[in-house]
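Try each task before reading the solution.

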Amino acid sequence: MAVILLIIVFACALRVCDAVPSREDDELRVAVPPATLQTGGTRKDGECLTLQEETDSTLLQYPARRSRPVAASTAPLQPSTQCSLFPAYQPLREPPVLRSPVTLTVETTRLCFPSRINAASWTTRAYGAPGMLPMVPGPTIHVKPGELLEILVVNKLEPPSPDCKDARASQNGVELLFSANGFCHVNATNLHTHGLHVTPKPGGDDIFETAQPGRNLSITLQVPSNHMGGTFWYHPHHHHATADQAGGGLHGAIIMEDESGSVPEEVANMPNKTLVLSLVDLRFPILGPSGSLTGGTSPRIEYWSLGHLWRNEDGEPVSRNAVFSLVNAMWIPSLTVRAGEWTRLRFVFASIELSLVLWPPTSDGSEGGLDCEWKLLAKDGIYLNVVPRDIQKVYLAPGQRSDVALRCRCASPRAPCGGSVVSGAELAGPTAQDGPAQRRRQRPDEPHTRLERGTRGPFLGETTLEQELFRVEVRPADRAAAVPRPLRPFRARRPCYLVDLRRARVPRRNRGQLLFPNPGLPLTYAGRRWPVVLWSDRIDMRKNANPWPWAYVGRPMRHEHLQPPLHVMRGASVQEFYVRGPGPNDGLSYHPVHIHVSPFQIQKFNCEDGSWVGPVAKDCGDNTSDPYFQTGDWHDTFLYPAGQAVLRSQFSTFTGRYVLHCHVLAHEDMGMMAYFKVTGKEGATWPGAKKLDPHCYSDGSGVGYSWA
């Protein structure tokens, strides 16, 4: 009976709604690891600094050889008792920019979360580069369509990297429910270029390749000449260690630059700011009010994996009832913009769990007269069909990106003003005056947040961070500068792999159903444990229709034994997926689905009442309505609370293993990952693309736009 009660409590704890700070005077600090790397000035062992301090960007390139042994870093990371404050509202700084060939070193860095009474610090993994200190996030990689992107991953982590058998043997009781498929190999790594349309074969974006501690991994990606410009990101994807590494700080942005003439000048010439939102989750318990959404926080996974990081000075796992987001490794930085000028914000939610609902800057009451608007340009690195789109809020699930144009004005044209961009669930209503932007301003020395579940909007019921993310300071416009042009609606020409598929005819053999079982009880579905992706070619979209459990194929993914593909598909084709869970409102409400290599387009999504929004209607007409999500939009990662959607993807240009998984990365590590095997001729494109859109282009010479 006690075991049954414990399991029931576990299931209820999966969607925790609140995280209360342990102390109000906690402050976030960052320290330099004692090492020989130098920046522009001298550093003493253990001395703290902001991770985005200027560094020497002159890199010493390593030879691009696969699996070349390197010397492991042996410098111990000693706890520091002199962590300086990491002040809020300092000017926003962006990560350093690298271009191909790129060398990324996988190292450790020191983070501090001290209070004035009892300081605490821990080490985590971070990306560095020759001549640069390891930082969270890592450097931003810029690349152009048609370029050769070469990345050398130098794994400077040290053994041990316990295998899954040893890690599983150390677990028991409730922990076994989470990790029976294993969190392990925490110091083995690789690299995934999230969202890029590139080859998944060995030597490319192949997540089944590995760099063990002390070894290198060379990645060479020929970017297609017709790749659309946009915002992407990179992170490790070594199965069973993805959540610990990517969620612990190993991530960075990738900017695919727009081809000249592909967008209007007023968009091409906007000031750009890359904002990497790094989630920090210090919760260790898996049950009770301070437990995490999945049980898979970095301190807990590190402990399960027999790793040696995420421990305090006493050798105990870090455990704070605190969850918060940093912006470019900064705690509530300040972004300065010119009044009346559009600024492009490239948001990257580098997270393995939870969600963000971003509200536009609003005066906090101490400074009146602030008026801001933002318009949506692109999602997941792909321009909208018609750009821009008026939106109220930005919705970000783990791994998603959003490009937004922001413009602010002050009541007085000669006086500055300011406000805050906050994340918060829609608790009171859909209008800005009822939202979290009107709540109290975050204290500068308060590096913790509350978690809330929304009662309205597209992220209805989702657990969302409530936090002030960054300040926006508006300065008077430069009188000598030209008046900014208005953002006229336009349509960017599409590369042929991104033509609008809503009018495409999809053969019956190219349609199937993807099922993502719910976490919790029952622990199995269709004879499999719940961390699994299942596939069936039987489709029934009637309200409350139950799938046929016996008709599904799929097993939880394990690193030691690569499972057969869910399905074998021919390349140069359009595939349609009905994504759902066991119940009518399951599936996508728990699991943000992510597909590698090729993005997908939303064809239909269902509403809370069970009705469907198709190609014509824009929204549900109920409390989930919001212009941010519309049919015809493209994503590579998608979360939606009603749980079901019909997606189409063009499996074009590349053959090999197209991986798909839940982007709550603890779920992926536990087995909720699979792949399609795509066959055919390498480089072949879908012949129907030109029929649907005669203006689509197969190389960079066809870029352009038209006014909408």
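A salt bridge is a side-chain nitrogen of Lys or Arg within 4 Å of a carboxyl oxygen of Asp or Glu. Please keep in mind that this is a predicted model, in which local features need pLDDT of at least 70, side-chain atom pairs count only at pLDDT 80 or more, and totals for chains, interfaces and linings use all residues. Residues are numbered from 1 along each chain as its sequence is written, and side-chain values use heavy atoms, with hydrogens and water left out.

**Exercise 1. The protein as a whole**

Task: Describe the secondary structure, burial, contacts and surface of the protein.

Solution: 
- Step 1. Take helices (H or I, at least four residues) and strands (E, at least two) as DSSP runs, numbered from the N terminus. The protein then has eight helices and 40 strands.
- Step 2. Sort residues by relative accessible area: buried means under 20%, exposed over 50%, and partly exposed in between (1.4 Å probe, protein chains only). Of the 708 residues, 63% count as buried.
- Step 3. Call it a contact when heavy atoms lie within 4.5 Å. Among contacts with a separation of 6 or more, 81% are made by residues 24 or more positions apart.
- Step 4. Compute accessible areas by the Shrake-Rupley method with a 1.4 Å probe; for residues, only the protein chains shown count as cover. The accessible surface is about 25,400 Å², and carbon and sulfur atoms hold 51% of that surface.

**Exercise 2. Salt bridges**

Task: How many salt bridges does a search of the whole structure find? Then place some of them in the chain.

Solution: 
- Step 1. The search of the whole structure gives 20 salt bridges.
- Step 2. In one of them, the side chains of Arg401 and Asp636 meet at 2.6 Å, N to O. This pair links distant parts of the chain, 235 residues apart: Arg401 lies in strand 21, and Asp636 in the loop between strand 35 (634-635) and strand 36 (637-638). Arg401 counts as buried because its relative accessible area is 1%; Asp636 is likewise buried, at 2%.
- Step 3. Arg648 and Glu576 also form a salt bridge, at 2.7 Å from N to O.
- Step 4. Arg502 is partly exposed because its relative accessible area is 27%, and Asp500 is partly exposed at 28%.
- Step 5. Finally, look for a network: salt bridges link Asp258, Arg344, Arg346 and Asp403.

**Exercise 3. Disulfides**

Solution: 
- Step 1. Search for pairs of cysteine sulfur atoms within 2.5 Å, the rule for a disulfide. The count comes to three.
- Step 2. Cys372 and Cys408 have sulfur atoms 2.0 Å apart and form a disulfide. The link of Cys372 and Cys408 is right-handed, with 115° about the S-S bond. Cys372 in strand 17 (residues 371-379) and Cys408 in strand 21 (residues 401-409) are 36 residues apart, so that distant parts of the chain are linked. Cys372 is buried at 15% relative accessibility, and Cys408 is buried at 1%.
- Step 3. Cys410 and Cys417 form another disulfide, with 2.0 Å between their sulfur atoms. This link of Cys410 and Cys417 is left-handed, at -85° about the S-S bond. Cys410 is buried at 16%, as is Cys417 at 4%.
- Step 4. Cys496 is joined to Cys696 by a disulfide, S to S 2.1 Å. The torsion about the S-S bond of Cys496 and Cys696 is about 85°, so this disulfide is right-handed. The cysteines sit 200 residues apart in distant parts of the chain, Cys496 in the loop between strand 25 (490-492) and strand 26 (511-515), and Cys696 in the loop between helix 8 (689-692) and strand 40 (705-707). Cys496 and Cys696 are both buried.

**Exercise 4. The surroundings of Thr343**

Task: Is Thr343 buried or exposed, and which residues does Thr343 touch?

Solution: 
- Step 1. Locate Thr343 in strand 15 (residues 343-350).
- Step 2. Thr343 is buried because its relative accessible area is 4%.
- Step 3. Leaving out residues up to four places away in sequence, Thr343 touches Met270, Pro271, Lys273, Val337, Val404, Ala405 and Leu406.
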